[in-house]
Number of protein chains: 2
Amino acid sequence: MRLVIATCSVDYAGRLTAHLPLATRLIMVKADGSVLVHSDGGSYKPLNWMSPPCTLTVAEPDDAERADGVTAVWTVQNGKTDDRLVVRLHEVAHDSSHDLGVDPGLVKDGVEAHLQVLLADQVETFGAGWRLVRREYPTPIGPVDLLCRDDEGVAVAVEVKRRGEIDGVEQLTRYLELLNRDPLLAPVRGVFAAQEIKPQARTLAVDRGITCLTVDYDALRGVDDPSTRLF
Amino acid sequence: MRLVIATCSVDYAGRLTAHLPLATRLIMVKADGSVLVHSDGGSYKPLNWMSPPCTLTVAEPDDAERADGVTAVWTVQNGKTDDRLVVRLHEVAHDSSHDLGVDPGLVKDGVEAHLQVLLADQVETFGAGWRLVRREYPTPIGPVDLLCRDDEGVAVAVEVKRRGEIDGVEQLTRYLELLNRDPLLAPVRGVFAAQEIKPQARTLAVDRGITCLTVDYDALRGVDDPSTRLF
DNA sequence: ACCTTCATGTCGAAC
DNA sequence: GTTCGACGTGAAGGT
């Protein structure tokens, strides 16, 4: 990894065009050739970047650029698309290279998959007498998160989300439409289960006769059997 | 901005929990206190990070940590949420600080807004005799990108996207449902216009009687009047 | 290779 | 401050 701190201007052309005026920034060149241009604030997202596969070419500035104070022109060209990043370096305050090796990678826990496992294991969260038909119940347009039968034996399709938004309601609606064509299942009710449900999503769901349920992840985990843990 | 290259392990706890085993990485500390942990590959996204507002606290390792080779423990605590990042430093290969100043920021072009302006200006792209009623036509659930009248005077709602996907068709469908309740407008047709329309989105649109139109951004720009340019 | 869904999404703008 | 949709979304997993 090469780290350069320099005053520079940056131009990107690809899916859009973007320009960064002259300022001091960090330019990070990774081992795979990818380049990240960071300012000293904001978020984890670089101001500009080029994703691998790409190649970095260093060129001398032309006369006009040199007159502007440009000391080097870096062109980063994507290997697949015609995306291109051009960094015009002026003053370089720092330049160092480091051998980092390959990273062993990240271990995660707590995402939607886990919420789905917990709910599958605790179907009574939806109501007494409910039972799980199956998790990831297949349909032609994709699997429904949970298919259940309520205490009266009525089929219920459950869509699980960490955050319930309008897209999730649309998704569940499409599933319900399909499932209700199956005479062995129909009528199929819908339940939209999430840690948090946005008002607009809730309104749309209720309007379509879908039941909304906000679930407490920590509470589910609390009564969780360790053997069902993902990790 | 402070740049540290060190062997380290990292733990994050917040919306999820995540762990990074011991390896050599770049730790970037920005002026606003935010921290990014990068490996020497992958994408522009850090392996782990903490967004501002947050505060970095440096502590001595306890005996067990010291026995493991830990030389310092950095705790990055988010100021609003209970998100927390803990970086345990072992060997430090590089440590430097740099004053970058405030960044003037990015100038963009070529996004959906521009496409919408261009189409509003060249409604004849949809067909001869079409006229624009208005851009950003308001409805209770948000503005329709373009409302037009075709050559026969029939109202047409146009949804503009850079990439046409299933979400956009759903969005347009909701608009059409609402607009068709207005006796002054009904019947309202729908047009789904995008630089690129995904097959599934096209199928859904056609199934709902929505016309699909792939638009050529460069061609629209070519005949574009400079006064309508966003920049 | 294509398509779908998830994300510690992030980000900006309207409300 | 909250809610919403766009993003150079990126990244992972399934067909």
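Strand β11 (residues 155-164) of chain A is largely enclosed by the rest of the structure, because eight of its ten residues are buried. The model is a predicted one.

**Around β11(A)**

Two strands of chain A pair with β11(A). Strand β10 (residues 144-149) of chain A runs antiparallel to β11(A), joined to it by four bridges. Within that pairing, A:Leu146 has A:Val158 of β11(A) as its bridge partner. β10(A) and β11(A) make a hairpin, with five residues between them. A:Gly153 lies in the turn and has a positive phi of about 85°.

Strand β12 (residues 188-197) of chain A also pairs with β11(A), here in the parallel sense and over nine bridges. A:Val156 stands opposite A:Arg189 of β12(A).

**The contact between the chains**

Chain B puts 54 residues into the contact, and chain A puts in 55 residues. About 4600 Å² is buried between chain B and chain A. Carbon and sulfur atoms give 59% of that area. On the side of chain B, the residues that lose the most area to chain A are B:Asp40, B:Tyr44 and B:Leu100. Together they supply 17% of what that side buries.

The polar part of the interface comes next. Chain B and chain A share 20 residue pairs in polar contact, both residues at pLDDT 80 or more. Several elements of chain B give two or more residues to the side that touches chain A, among them β1 (2-13), β7 (84-97) and α3 (166-179). β2(B) gives the most, with twelve residues. By type, the residues on this side of chain B divide into 24 nonpolar, 16 polar and 14 charged.

Four salt bridges cross the interface of chain B and chain A. One salt bridge brings together the side chains of A:Arg25 and B:Asp103, at 2.5 Å from N to O.

Strand pairing links the chains too. Strand β8 (residues 107-109) of chain A pairs with β2(B) in the antiparallel sense, over three bridges. A:Asp109 has B:Thr17 of β2(B) as its bridge partner.

**B:His98**

B:His98 sits in the loop between β7 and β8 of chain B. Its relative accessible area is 13%, so B:His98 is buried. The side chains of B:His98 and B:Ser96 are joined by a polar contact of 2.7 Å.

**Salt bridges**

Side chains of opposite charge can pair when their charged atoms come close. Over all chains, the structure holds 21 salt bridges. Some examples follow.

| Salt bridge | N to O distance |
|---|---|
| A:Arg25 and B:Asp103 | 2.5 Å |
| A:Arg2 and A:Asp95 | 2.7 Å |
| A:Arg163 and A:Glu165 | 3.1 Å |
| B:Arg88 and B:Asp11 | 3.4 Å |

In chain A, A:Arg2 and A:Asp95 form a salt bridge with their closest N and O atoms 2.7 Å apart. This pair links distant parts of the chain, with A:Arg2 in strand β1 (residues 2-13) and A:Asp95 in strand β7 (residues 84-97), 93 residues apart. A:Arg2 is partly exposed at a relative accessible area of 29%. A:Asp95 is also partly exposed, at 41% relative accessibility.

Another pair in chain A is A:Arg163 with A:Glu165, which meet at 3.1 Å, N to O.

In chain B, B:Arg88 forms a salt bridge with B:Asp11, their closest N and O atoms lying 3.4 Å apart. Here too the pair links distant parts of the chain: B:Arg88 is in strand β7 of chain B, B:Asp11 is in strand β1 of chain B, and 77 residues separate them. B:Arg88 counts as partly exposed, at 24% relative accessibility. The relative accessible area of B:Asp11 is 26%, so B:Asp11 is partly exposed. In chain A, salt bridges that share partners join A:Asp11, A:Glu65 and A:Arg88 into one network.

Note on methods: Residues numbered from 1 in each chain as written. Chains lettered and ligands numbered in written order. Predicted model: local features only at pLDDT ≥ 70, side-chain atom pairs only at ≥ 80, totals over all residues. Heavy atoms only, no water. Contact = heavy atoms within 4.5 Å. Buried area = accessible area lost by both parts, 1.4 Å probe. Polar contact = N/O pair within 3.5 Å; in protein donor to acceptor, adjacent residues only side chain to side chain. Nonpolar A, V, L, I, M, F, W, Y, C, P; charged D, E, K, R; others polar. Pairing = 2+ DSSP bridges. Buried < 20%, exposed > 50% of the residue type's maximum accessible area, 1.4 Å probe, protein only.
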